[in-house]
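Visitor: I would like to learn how to read aromatic pairs and a helix in a model. Could you take me through them?

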Amino acid sequence: MTALTAPPAATGTRRARPVPSVASPRRRTGRLLVTLALLVVAVAFLVPLAWIVLASLDPAATVSVKLPERLTGDNFSQILTWDATFRPLWNSTVLSGGTAVLTVLASLLAAYPLSRYQMRFRKSFLYGILFGTCLPITAMMVPVYALFVYLGMLDSVPGTVFFLAATSLPMAIWMTKNFMDSVPVSLEEAAWVDGAGSMTALRRIVVPLMRPGIAVVFIFVFTGAWGNFFVPFVLLFSPDNQPAAVAIYSFFGTYGTVAYGRLAAFSILYSVPVLVLYLVVQRFSGGSFAMSGAVKG
């Protein structure tokens, strides 16, 4: 028998495959492509904003983006009237604010039992609510219009507010429930031991702790109603009740003529209330989820 001998050692060593570094050409090429894609997206968003600002100050504004030969505020002075701007903005504030308030109140009352109690058909009920967000508004407007005619609620601001709140409620319930789930139940249990009821615990414990969530739902519903054109256009036909989303249509004249300068100026004024609302709500709702020390354990 021959003794087993070890295999001969390799004469050469295999070179390890280099690991690509951050500064490798392939990585640099990928970062360059991502940067170019982001620049294209940024330009796509900034060009319309630049057109709105420049056209609002241009007495001879057109559809193209160009620097005005002279800056003027005539476009703003022509639209700063009650009939052209202030009344439509006030109607939009009433419609959007009423819709947001009703939706937030209803979503709080609906989300509380879904978040705190174990029910047999809770999941099916939640999926049924979610199905309501899948229905296109154009498919509902024909029966809704017939219902408004039957009830005599055409050109009614309260009726339009109720309908907008009903269409915003499904998503608002889902959002409110998710925010309410983050509030510890032990805080309510302590209040129940002290004799507080469910509505008292909701009003004095849950709602203060989820104010940022309520602010998010409020802004979501408010902005959705603020930019809604189709529903007020169908249900409100009186100029005294039409919101700014419908009044902006008046700057499009007949035979394709458009007052671009006044349209741009009105668009800037139309966007200011939403920005102010966002800043105010963010200022007064920040830090409410800081519950350090609220629960010991």
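Predicted model: local features only at pLDDT ≥ 70, side-chain atom pairs only at ≥ 80, totals over all residues.

Visitor: How many aromatic pairs does the structure hold?

Guide: Rings of Phe, Tyr and Trp (its six-membered ring) pair if their centres lie within 6.5 Å, and planes under 30 degrees apart count as stacked, over 60 as edge-to-face and the rest as tilted. The structure holds 12 such pairs. In one of them, the planes of Tyr112 and Tyr117 stand at 90° with ring centres 6.2 Å apart, so this pair is edge-to-face. The rings of Phe229 and Phe233, with centres 5.1 Å apart and planes at 20°, are stacked.

Visitor: Is Tyr112 buried or exposed?

Guide: Buried means under 20% relative accessible area, exposed over 50%, and partly exposed in between (1.4 Å probe, protein chains only). Tyr112, at 2%, is buried, whereas Tyr117, at 35%, is partly exposed.

Visitor: Where does helix H5 bend?

Guide: Helices are DSSP runs (H or I, at least four residues), numbered from the N terminus, and a bend is the angle between axes fitted to the seven residues ending at a residue and the seven starting there. H5 bends by about 30° at Pro143, and its residues Met141, Val144 and Phe148 are buried.

Technical notes. Residues numbered from 1 in each chain as written. Heavy atoms only, no water. Helix = DSSP H or I, 4+ residues; strand = E, 2+ residues; numbered from the N terminus.
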